[in-house]
Amino acid sequence: MNTKYEENIIEFIKVKQLFESPLKFKSLIGDTGIDKKIYSKNLHRPQLALAGFYYNFHQGEIQIFGNTELAYLNSLTPIKKAKALKKLLNYDIPCIIISNSNTLDEKLLRLCKSHNVAVLSSPYNLSKIFFVLSDFLDDLFACHTILHGSFVDVFGVGVLFQGRSQIGKSEIALDLVERGHRLIADDAVLVTKKRESILMGTGTKVVKHNLELRGVGFIDIRQMFGIRAVRLQKRLEIIVELVDWNDNEEYTRTGFDHFYENILDIEIQKVILPIYPGKNITVIAEVIALNYLLRTYGFDSPTELAKNQAEFIRKFKDYKGYIDKRYITYFQGDRE
């Protein structure tokens, strides 16, 4: 099943947002260049560029100086050193990052300042900077969208309840919280594409873990049920679409039919759950989560039942009028 969601893409971030990463960046020239825009999540080591080779040099990428780049610059005379850096700064680069708490000569720092290019230093080595910063930028530039529904962690499975207004999504979420599960977000769920196959969901800064109950109003789940009742983020793994029961509709009964929802080009498993008054949706939601876990670990109930039936037919196909035997061969006394 394909459903088109509005895809939002971040066009740029600012250099100052890099200070939010875990890399403990420190600016070597104050606030210079921190409002400059970064349009690319790619990282670049300017080894050949510093030596004067700029063929296929990609402008707009963050430049990272490791021990090799610094050693090369330090091997040059002051005039050649300044010339090499100035040529790099003439290209549209957003900032320079230096590893291992290293720094640049005062003259080179003044040169960067005159070109409005920030110089950031991190105490970590080059490999860690590339690994952490790549993941950090990938997250900031990731596609995202907003889904309407209630998002709950049920037995460690991220379950999003969707359906028409007033069908009872928030009430189900509240009941699940009361049974020990954890709320991630209600009403507006911000979903971000992480890598190529993962969707991560969270709430918004305004709503946080508030939940709306018609006739009662807004309640703060964290304040009412405690920290154990909420989560900040969770992977979206299954969607439960609540629909009103319709006698004229055919609903899946065996579990062989699988439905999927396409969100940001990622297929998410979907369960269409018809409801009517008196139906215990909370317990069914727990069963859906547990069934998802069983399938994840390689056990599929409908498939196993079909195997048993096929084996039974193979064994007794020549016995006409055969009646299946009971599961228990001998009833012992029930004296409990």
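**Pockets and an open sheet**

At least two lining residues are supplied by each of α5, β10 (182–194), β11 (198–202) and α7 (221–225), and β10 contributes the largest share, four residues. Sorted by class, the lining of the largest pocket contains seven nonpolar, 10 polar and seven charged residues.

For the second largest pocket, a volume of about 740 Å³ was computed, and the lining consists of 27 residues, of which T252, G255, V271, I272 and I288 lie nearest the centre. Two or more residues of this lining come from each of the strands β15 (238–244) and β17 (266–275) and the helices α8 (281–296) and α9 (301–316). The lining of the second largest pocket has 13 nonpolar residues, together with seven polar and seven charged ones.

Elsewhere in the predicted model, an open sheet of mixed pairing is built from five strands in the order β2-β7-β6-β5-β4. Because β2 (26–27) and β4 (43–44) stand at the edges with a single partner strand each, one side of each is left without a neighbour in the sheet. The partner of β2 is β7 (residues 118–121), to which β2 is joined in antiparallel fashion by two bridges, and K26 has S121 of β7 as its bridge partner. Helix α5 (residues 126–140) packs on the sheet, where it touches β4, β5 (62–65) and β6 (95–98), and its direction makes about 160 degrees with that of β5. Helix α5 is also among the elements that supply at least two residues to the lining of the largest pocket.

How values were computed
Residues are numbered from 1 along each chain as its sequence is written. This is a predicted model: local features need pLDDT of at least 70, side-chain atom pairs count only at pLDDT 80 or more; totals for chains, interfaces and linings use all residues. Side-chain values use heavy atoms; hydrogens and water are left out. Two strands pair if DSSP finds at least two bridges between them. Contact means heavy atoms within 4.5 Å. Axes are lines fitted to C-alpha atoms, for helices over the stretch in contact, and angles run from 0 to 180 degrees between N-to-C directions. Ala, Val, Leu, Ile, Met, Phe, Trp, Tyr, Cys and Pro count as nonpolar, Asp, Glu, Lys and Arg as charged, and the others, Gly among them, as polar. On a 1 Å grid over the protein atoms alone, a cavity is a set of points where a 1.4 Å probe fits but cannot get out, and a pocket is an open set with protein on both sides within 12 Å along at least five of seven lines; lining residues have an atom within 4 Å of a point. Grid points are joined across faces, edges and corners, and a volume is the space filled by probe spheres set on the points.
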